[in-house]
Amino acid sequence: MSTICMSTASSPPIINYLLHLCKCTEHPYTAVRHMGARCLGVFSKVSTLKTMTVILDELLPSLGAMENDKKRQGTIEVVAHVIELLGLDLVPFIVLLVVPVLGRMSDPNQAVRLTATHCFASLVRLMPLENGLRDSPALPLHLIEKKQKEKQFLEQLVDIKKLENYHVPVPIEAELRCYQQEGVNWLFFLNSYKLHGILCDDMGLGKTLQSICILAGDHFNRDQEYKVCIWLLSLPYFVDLVPHRLKQTAAGRG
């Protein structure tokens, strides 16, 4: 079994090759991705701040590359090696890692999904140590700002009352009740972070209306973003059900 070693004296010139190692993690050959991930893990131990900044800025967004399984596999393997090698030194960066990793726990690729699940379990165990920890002055400003946003996400994830009210950007001929507004807020929150969830309630309490609100808002936002006409195709039953449920809700029965 081979071991990767590197002297700290040689790290300044070698660290310039971090971007090249990041490219290796999306290589079609598994062996190349694996060695690139291992090398980045070692660099994170030798030059933690600089390596983690490159990983967070250049590599971590690849977890959202749904069209490229190799990119996601290589990136999540880097995260796994970094967690293994850094240990407690990873604590200042946990918040910046846990949210992207959480989103990949439902990845369609089994390798990505399993590795992300193991990574998330390791990160969660370390998260209590992050509370009250001051950010390093050397941490780039954009990462400090991103860290605050991710902290807000985690707070909202565990406490739905902290979610802001979502205003549907298209006219809805119905007034949402308090519990229905909370449901819409939660659905919008999940949709914003590409997470999955199940909206459950008793029959007749407005689950269809809440789903219509978030679908309508999502289609409106996509239309504004891409400036294209988006057609909503539904089963005949659902087409008949939508106006019926809206009328019921407007009459106070939904």
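Residues are numbered from 1 along each chain as its sequence is written. Because the model is predicted, local features need pLDDT of at least 70 and side-chain atom pairs count only at pLDDT 80 or more, while totals for chains, interfaces and linings use all residues; side-chain values use heavy atoms, with hydrogens and water left out.

## Helix H7

Helices here are DSSP runs (H or I, at least four residues), numbered from the N terminus. Helix H7 covers residues 110-126. The expected span of a helix is 1.5 Å times one less than its number of residues.

Which residues of H7 are buried? They are Val 112, Ala 116, Cys 119, Leu 123 and Leu 126. These residues lie on the same side of H7, because they cover an arc of only 75° around the axis; the arc is that of the directions from the helix axis to the C-beta atoms. An α-helix has 3.6 residues a turn, so residues three or four places apart point the same way. Buried means under 20% relative accessible area, exposed over 50%, and partly exposed in between (1.4 Å probe, protein chains only). The face turned away from the buried side of H7 carries the exposed residues Gln 110, His 118 and Arg 125.

The cover over the buried residues of H7 includes helix H5 (69-86) and helix H6 (94-103).

Gln 73 is found in helix H5 and counts as buried, because its relative accessibility is 17%. Leaving aside residues up to four places away in sequence, Gln 73 touches Arg 33, Asn 109, Ala 111 and Val 112, where contact means heavy atoms within 4.5 Å.

Thr 53 has its place in helix H4 (residues 48-59). Thr 53 is also buried, with a relative accessible area of 15%. With residues up to four places away in sequence again left out, Thr 53 touches Pro 140 and Leu 143.

Helix H9 runs over residues 178-192; its 15 residues should span 21 Å, and its end C-alpha atoms are 21 Å apart, which agrees. Among its buried residues are Gly 183, Val 184, Leu 187 and Leu 190. H9 is followed by Lys 194, whose phi is positive, near 55°.

The structure holds two aromatic pairs. Rings of Phe, Tyr and Trp (its six-membered ring) pair if their centres lie within 6.5 Å; planes under 30 degrees apart count as stacked, over 60 as edge-to-face and the rest as tilted.

| Pair | Centre to centre | Angle between planes | Type |
|---|---|---|---|
| Phe 153 and Phe 189 | 5.2 Å | 25° | stacked |
| Tyr 166 and Phe 188 | 4.2 Å | 15° | stacked |

Phe 153 lies in helix H8 (residues 141-158) and Phe 189 in helix H9, so this pair ties together parts that are 36 residues apart in sequence. Both Phe 153 and Phe 189 are buried. Tyr 166 lies in the loop between H8 and H9 and Phe 188 in helix H9, so their pair ties together parts that are 22 residues apart in sequence. Tyr 166 is buried, with a relative accessible area of 9%, whereas Phe 188 is partly exposed, at 30%.

Technical notes:
Helices (H or I, at least four residues) and strands (E, at least two) are DSSP runs, numbered from the N terminus.
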